[in-house]
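Biologist: I am new to this model. Please walk me through it, one question at a time.

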2 protein chains.
Amino acid sequence: MADVARVAGVSGQTVSRVANDRLNVDAATRDRVRAAMRELGYRPNSAARALRNGVYRSIGVIVFELHSYGTTRTLDAIAIAATNRGYAINLVPVLDVSQSAVTSAFDRLGEQAVDGVIILIEAHTLDEAGVRLPERLPVVVVDSSAHYDYPIVDSDQRQGARLATEHLLELGHQTVWHLGGPPTSFAADRRRRSWEQTLLDHGRKVPPVFDGDWTSTSGYEAGRALAANDEVTAVFVANDQMALGLLRALYERGRAVPDDVSVVGFDDMEEAAHFWPPLTTVRQTFTEVGRRSVDALIAEIQAGDHRHAPVAVPTELVIRKSTAPPPAR
Amino acid sequence: MADVARVAGVSGQTVSRVANDRLNVDAATRDRVRAAMRELGYRPNSAARALRNGVYRSIGVIVFELHSYGTTRTLDAIAIAATNRGYAINLVPVLDVSQSAVTSAFDRLGEQAVDGVIILIEAHTLDEAGVRLPERLPVVVVDSSAHYDYPIVDSDQRQGARLATEHLLELGHQTVWHLGGPPTSFAADRRRRSWEQTLLDHGRKVPPVFDGDWTSTSGYEAGRALAANDEVTAVFVANDQMALGLLRALYERGRAVPDDVSVVGFDDMEEAAHFWPPLTTVRQTFTEVGRRSVDALIAEIQAGDHRHAPVAVPTELVIRKSTAPPPAR
DNA sequence: GCCGTCGATGTTGACGTCAACATCGCGCGT
DNA sequence: ACGCGCGATGTTGACGTCAACATCGACGGC
């Protein structure tokens, strides 16, 4: 900055004013300074700015593995929303779900130059690790837990699961089986409970639940058990990736989809439309979740506006070819 | 820091020494300072540190959409590798591929607190935008272009495409068709050229290429044309997602895989093993690509070690059920 | 012509940290 | 008993920026 000031023949303060588009700078001076900045390749030093202003214009995002489709899409949406709002993104990976890994991620974050944090890991994990974030640091949790003091943003899991289950019941299935996500996930928990409640509301029996871990491999493994059971005519799967594994298990067993078994997924990942058959699924609007969580966090940062109602972004049922009335007996 | 010093009854300098595990601090003093830090919830201010030390211990990663499987996995690997090396990750999304978007991303980055940059967008885009990075900023490009002054790290596209093509030829197919990635991608370009060269090396005719944009939807669309052509008995697809779309198109046309048509993908995404049939594909070791690019960048940062040979991480053919000898005629 | 006003620009200091240098005191060798 | 060396700790200043205050000059009203 001093160099620019010298070249332009002004003081550092004037350079600062130009860099920040402050008023009260003569047009000729401004042009001269701009030219000097360009000539010297001047870039404001963000560390000094942050030190001076006390804000970083940066938000931390804590993630655990980018394997799951939903997390990835949400991260993408968060990054875009934050950029639009003038915030940088500080990505903090948690290497595994052990207590020490989570704790050390939080410690790292405490030292990071961030004004606030969005947590993209399933909050059960946090419980177990018993970690606390640095106080006074604004936080938003993208999850479906109601157990936190922090603002929460997520898709409306309850509504989505109900949509899926009722769609299958309306097609005439006696009941709907469930291939759920990992018990450590609040989102999975919500979907499972809502599925169960929907069945009860309609007076149907609730079959045992099979659990996966979101991966298609786990869906395949649980799917083999489901495929082997002739009573199963309709399955609500907690995400599309596991649904893919289930489809494979059904094929291997020679059970046709949707003629013998109907399958509904959750997420509407881009590939779901091209599964065979194309998958009926519950669409989550990840961009909206990302946008809303950034909005909530920035509100917190700017206003100290800590307590506000959880945001539940609605989902939508996308009907394709993997669902049909049950086979005539 | 001043508060901690007061509580512990020492000078700020001693607090600094304790915070940085410097030698020559009395054990009793150290404990006292540690206690004070805990009591006050002291966190070193990273902006001040960065300002003082002139380094940020942070690297920027420029990405364009996290839709593609490979980019996502590589980003994950980069984040983990960087964390292990003590670097934070600054994620800089490029909103679209227009020149202005790319330029503004680079500008933002120039102001970011980063010691170096990893570029995860396909470099053709950079060409078109005609942008230059701030000088003196270490850069690594994860791509297969040879056109850059920057160190390059990527999977060995050439070898992977040859593996796939030769596998199909060895099964007895007369030739191999290709469903390629977007022409704007160097990686897609490399795969296409290597496929073509392999066919020529074996004295086979080179069929026309179909292009997609990495998405399964584009694979489906191009796939319909391929499925309609009875001459097609073997297809090498430039990624797994498009291969999924092709599989769907083949089903719709009533052509069996692998009995009528063999298909090989590229990436080995987790889902590929559960496609129907399970997909033969070329496995990329994304973790290795991520790790190597972080290593290269840190070497550049620390040593000013700018020019070093491109890194080509080997790939591996994973044979599953989507490939078989051609149908007897 | 004098003074008040206001816009343009300059000067100073502080943000939190840490390297460099300064100081202090203890123990040991002679 | 004296001085030297060394380990422990303190003091100072600088990193780059920008708010607050200071200054300077031009212009208008009387």
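Modeller: We begin with a helix pair, α8(B) and α9(B), whose crossing is right-handed; a crossing is right-handed if the near helix is turned clockwise from the far one by less than a right angle, and left-handed if anticlockwise. This is a predicted model, where local features need pLDDT of at least 70, side-chain atom pairs count only at pLDDT 80 or more, and totals for chains, interfaces and linings use all residues. Residues are numbered from 1 along each chain as its sequence is written, while chains are lettered from A and ligands numbered from 1 in the order in which they are written.

Biologist: At what angle do helix α8 and helix α9 of chain B pack?

Modeller: Helices here are DSSP runs (H or I, at least four residues), numbered from the N terminus. α8 of chain B spans residues 157–170, and α9 of chain B spans residues 186–201. Their axes lie 8 Å apart, at an angle of about 45°.

Biologist: Which word describes how α8(B) lies to α9(B)?

Modeller: Angles under 35 degrees count as roughly parallel, over 145 as roughly antiparallel, 65 to 115 as roughly perpendicular and the rest as oblique. The pair packs at about 45°. That makes α8(B) to α9(B) oblique.

Biologist: Which residues of α8(B) meet α9(B)?

Modeller: Contact needs C-beta atoms, placed from the backbone, within 7 Å. From α9(B), the partners include B:Arg190, B:Ser194 and B:Trp195. From α8(B) come B:Gln157, B:Arg158, B:Ala161, B:Arg162, B:Thr165 and B:Glu166.

Biologist: Which element gives the largest share of the surface near DNA strand D?

Modeller: The largest share, five residues, comes from α4(A).

Biologist: How far apart are the centres of domain 2 and domain 3 of chain A?

Modeller: Domain bounds come from an automatic or database domain assignment. Domain 2 of chain A covers 56–154 + 286–311, and domain 3 covers 157–284. Taken over C-alpha atoms, their centres are separated by 29 Å.

Biologist: Which helix gives the most to the side of domain 2 of chain A that touches domain 3?

Modeller: The contact takes twelve residues from each of these two domains. On the domain 2 side, α5 (69–84) and α7 (123–129) each supply at least two residues. The most, three residues, comes from α7(A).

Terms used
Axes fitted to C-alpha atoms, helices over the stretch in contact; angles between N-to-C directions.
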